[in-house]
Amino acid sequence: MSPLFSIYILVTVLLFISSCSEKESNLSNEDKCKIVYKVYSDCFYGSYFIEDPTECEGMSKGFYKILKKEGYGTDIAEKGKSVCYSGCKRSIDKLKLESYKEFKKRFCYF
């Protein structure tokens, strides 16, 4: 993945997260789930440009840092890191993106 594209993905997520005016303590579980689903789908689509599956690790660490920098707690940051890696691997393995409903059943335990 080119460094420029990596920056683009991270900036896109940063802008999305910045647009959320509430931080983790004020968010409902549904809102938390929507945030991490956005990270999941961004990593899924962002991985189209990855040739080496080991780059999923770097992408997920980047999302963790962004979430922490934006003031979200470890709960959302760790979940974001985990789902980013899952979304990236899912795309590399040529699997389809899970719907929000499927994702929620698997990942949204806060």
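Select Arg-106 first. Arg-106 is partly exposed, at 45% relative accessible area. Here buried means under 20% relative accessible area, exposed means over 50%, and partly exposed lies in between, with a 1.4 Å probe and protein chains only as cover. The model is predicted: local features need pLDDT of at least 70, side-chain atom pairs count only at pLDDT 80 or more, and totals for chains, interfaces and linings use all residues. Residues are numbered from 1 along each chain as its sequence is written, and side-chain values use heavy atoms, without hydrogens and water.

**Stop 1: salt bridges**

A salt bridge is a side-chain nitrogen of Lys or Arg within 4 Å of a carboxyl oxygen of Asp or Glu. Glu-98 is buried, at 6% relative accessible area. Side chains of opposite charge can pair when their charged atoms come close.

By this rule the count comes to four salt bridges. Next, select Glu-30 and Lys-104. Their side chains meet in a salt bridge, 2.5 Å from N to O. This pair links distant parts of the chain: Glu-30 sits in helix 2, Lys-104 in helix 5, and they are 74 residues apart. Glu-30 is partly exposed at 28% relative accessibility. Lys-104 is also partly exposed, at 35%.

Now move to Asp-42 and Lys-38, another salt bridge, 3.1 Å from N to O. Asp-42 and Lys-38 are about one helical turn apart, because they lie four residues apart in helix 2. Asp-42 is buried, with 12% relative accessible area. Lys-38 is partly exposed, with 25%.

**Stop 2: the whole chain**

Zoom out and color by secondary structure. The protein chain has five helices and zero strands. Helices (H or I, at least four residues) and strands (E, at least two) are DSSP runs, numbered from the N terminus. Along the sequence the pattern reads α-α-α-α-α. Of the 110 residues in the protein chain, 41% are buried.

Among contacts in the protein chain with a separation of 6 or more, 77% join residues 24 or more positions apart. Then show the surface. The protein chain exposes about 6,200 Å², and carbon and sulfur atoms supply 57% of it. Accessible areas come from the Shrake-Rupley method with a 1.4 Å probe; for residues, only the protein chains shown count as cover.

**Stop 3: helix 4**

Select residues 74-92. Helix 4 has 19 residues and reaches 27 Å from its first C-alpha to its last, close to the 27 Å expected at 1.5 Å a residue. The expected span is 1.5 Å times one less than the number of residues.

Which residues of helix 4 are buried? They are Ile-76, Ala-77, Lys-79, Gly-80, Val-83, Cys-84, Gly-87, Cys-88, Arg-90 and Ser-91. They cover an arc of only 165° around the axis, which puts them on the same side of helix 4. The arc is that of the directions from the helix axis to the C-beta atoms. What covers these buried residues includes helix 2, helix 3 and helix 5 (100-107).

Step on to Lys-94, in the loop between helix 4 and helix 5. Lys-94 has a positive phi of about 65° although it is not a glycine. Lys-94 is exposed, at 73% relative accessibility.

**Stop 4: helix 3**

Select helix 3. It has 15 residues and reaches 21 Å from its first C-alpha to its last, close to the 21 Å expected at 1.5 Å a residue. Cys-56, Met-59, Ser-60, Gly-62, Phe-63, Ile-66 and Leu-67 are buried in helix 3. They cover an arc of only 155° around the axis, which puts them on the same side of helix 3. On the other side, Lys-65 and Lys-69 are exposed.

Lys-61 also lies in helix 3. Lys-61 is partly exposed, at 40% relative accessible area. Draw a distance from its C-alpha to that of Glu-78: 9.3 Å, for residues 17 apart along the chain. After helix 3 comes Gly-71, with a positive phi near 95°.

**Stop 5: a nonpolar patch**

Finish with Tyr-45, Tyr-48 and Phe-49. They form a nonpolar patch on the surface, with about 370 Å² of accessible area together. Patches are made of residues with over 30% relative accessible area and no salt bridge: like charges are joined within 9 Å, nonpolar side chains (Val, Leu, Ile, Met, Phe, Trp, Tyr) within 5 Å. Phe-49 lies in the loop between helix 2 (29-46) and helix 3 (55-69). Phe-49 is partly exposed, at 49% relative accessible area.

Definitions and conventions. Contact means heavy atoms within 4.5 Å.
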